[in-house]
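Visitor: I would like a close look at one part of this structure, namely the charged side chains and how they pair. Please start with the chain as a whole and then go to the pairs.

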Amino acid sequence: MSAVTNTRPESVVAGLPEVPLTLEGASVLHQMFRIRWPAWNALSAAQRGQIAGEAATVLGEMEANAAGQSAAFSLLGHKGDLMLAHFRASFDELNRAELRMSRLKLADYLEATTSYLSVVELGLYESSAKTYATLAAKGIEPHTPEWNAGVEEVLARQREAMRPRLHPEMPPHRYLCFYPMDRKRGEDKNWYRLPMAERQRQMHEHGVIGRRYAGEVKQIITGSIGFDDWEWGVDLFADDPLVFKRLIYEMRFDEVSAVYALFGTFYVGLRCPANRLSHLLEGEAP
C-alpha cells in the first residue's frame, strides 16, 4: 500500500468535507449507431428519400429547439456511422428525444452500438475550500442545517453566474471528439485519497492548459457518476480536428492526467446538419 492511501487527508483531520462542491446543468445523452447499409441500400430511391426527409425534419426541429438542442455527426472509423448528441433541461426531456428518434422510420435501419448519459458539471474546488473554511471559522458544524444553508447560498450565486456554461448551446463547429474518463482509485494511486488542497492544485494546473486552447476548441465537461460506466464525459468541438490531438497530448503531461487519469473509447465525427442528412444517407460526406 502506498503512502498516498495511508495518509489521512488534512481536511479529514480538520473535520471538513473532502467532497468538492459541484454545479450541475444540462442533461446530456450521446447515442451511437451503425447504419444497416445493406437493408438501407435495398430500398428504392423514393423510399430512402421519404424516410430521410422525415428524419431530417425531426432533427431540424431538435437543432432549433431553444430549450435544448440536438446535433448529428458522421462518425469516423468502425465504432459506428452516426452519433446523436442531445442537450436537454432534464432526463425526462432526454427520454422524450430518445423516444421520438426511435419512432422514426429511419430507426428500422439503425443499430445502436453504445450510448452515454451525463450532466454538465462544473467543479468548484476553490469555492469549496473557501466556503468550508468560512463556515468552520464561524463554528458551524459540517452537514448541519446551518452548514447546508451556507453551502446552498454559495451554490445559488454560482449557478446564476455560471448559467451560460451550465446550459450551453450546441457548439456549431465542424468536428466533435467525445470520450469518457475516470480518475484512478486503485491501491497504488487513488485520486479520492488525496487532500482536497492537492486535488485543487492539480486541477488548476490542468485547467491552465485547457484555457490556452480556448480560441480553438470548445470543451464541455459532463459528470456521469451514478449515471454511466465512467465518471466523466468530455466533448471537444473544433473546426480543425488536429487540435484534439494537440490538446489531449499536452494535457497527458500534467500531473493529474499522467498519474491519475484513465480514458475510455474516443469517438470523432463530422457535423451533419439536418439539411445534409439525406446526403449522408446516400453515402456523401456531410
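Visitor: What percentage of the 286 residues in the protein chain do buried residues make up? After that, please take me through the salt bridges.

Guide: The model is a predicted one. Buried residues make up 45% of the 286 residues in the protein chain. The secondary structure of this chain consists of twelve helices and nine strands. Its C-alpha trace spans about 75 × 35 × 35 Å along the principal axes. The accessible surface is about 14700 Å², and carbon and sulfur atoms account for 54% of that surface. If we take the contacts between residues at least 6 apart in sequence, 77% of them join residues at least 24 apart.

Now to the charges. Side chains of opposite charge can pair when their charged atoms come close. With a cut-off of 4 Å between a side-chain nitrogen of Lys or Arg and a carboxyl oxygen of Asp or Glu, the count is 16 salt bridges.

Glu93 is partly exposed, as its relative accessibility is 32%.

Another pair is Arg163 with Glu160, and here the closest N and O atoms are 3.1 Å apart. Arg163 has a relative accessible area of 42%, so this residue counts as partly exposed. Glu160 has a relative accessible area of 51%, so this residue counts as exposed.

A further salt bridge joins Glu231 and Arg185, with 2.6 Å between the closest N and O atoms. This pair links distant parts of the chain, as the two residues are 46 residues apart. Glu231 is in the loop between strand E6 (217–223) and strand E7 (232–238). Arg185 is in the loop between strand E5 (175–183) and helix H9 (196–212). Glu231 is buried, with a relative accessible area of 8%, whereas Arg185 is exposed, with a relative accessible area of 51%.

The network consists of salt bridges that link Glu198, Arg201, Glu205 and Glu255.

Cysteines are a separate matter. The structure has zero disulfides. Cys177 is in no disulfide, and the nearest cysteine sulfur, that of Cys272, is 19 Å away. For Cys272, too, the closest cysteine sulfur is the one in Cys177, and a bond is ruled out because 19 Å is too far. Cys177 counts as buried because its relative accessibility is 2%. Cys272 is buried as well, with a relative accessible area of 0%.

One point about the backbone remains. Most residues other than glycine have a negative phi. His143 is not a glycine, yet its phi is positive, at about 70 degrees. This residue is in the loop between helix H6 (125–137) and helix H7 (145–161). With a relative accessible area of 58%, His143 is exposed.

Key. Residues are numbered from 1 along each chain as its sequence is written. This is a predicted model: local features need pLDDT of at least 70, side-chain atom pairs count only at pLDDT 80 or more; totals for chains, interfaces and linings use all residues. Side-chain values use heavy atoms; hydrogens and water are left out. A disulfide is a pair of cysteine sulfur atoms within 2.5 Å. Buried means under 20% relative accessible area, exposed over 50%, partly exposed in between (1.4 Å probe, protein chains only). Helices (H or I, at least four residues) and strands (E, at least two) are DSSP runs, numbered from the N terminus. Contact means heavy atoms within 4.5 Å. Accessible areas come from the Shrake-Rupley method with a 1.4 Å probe; for residues, only the protein chains shown count as cover.
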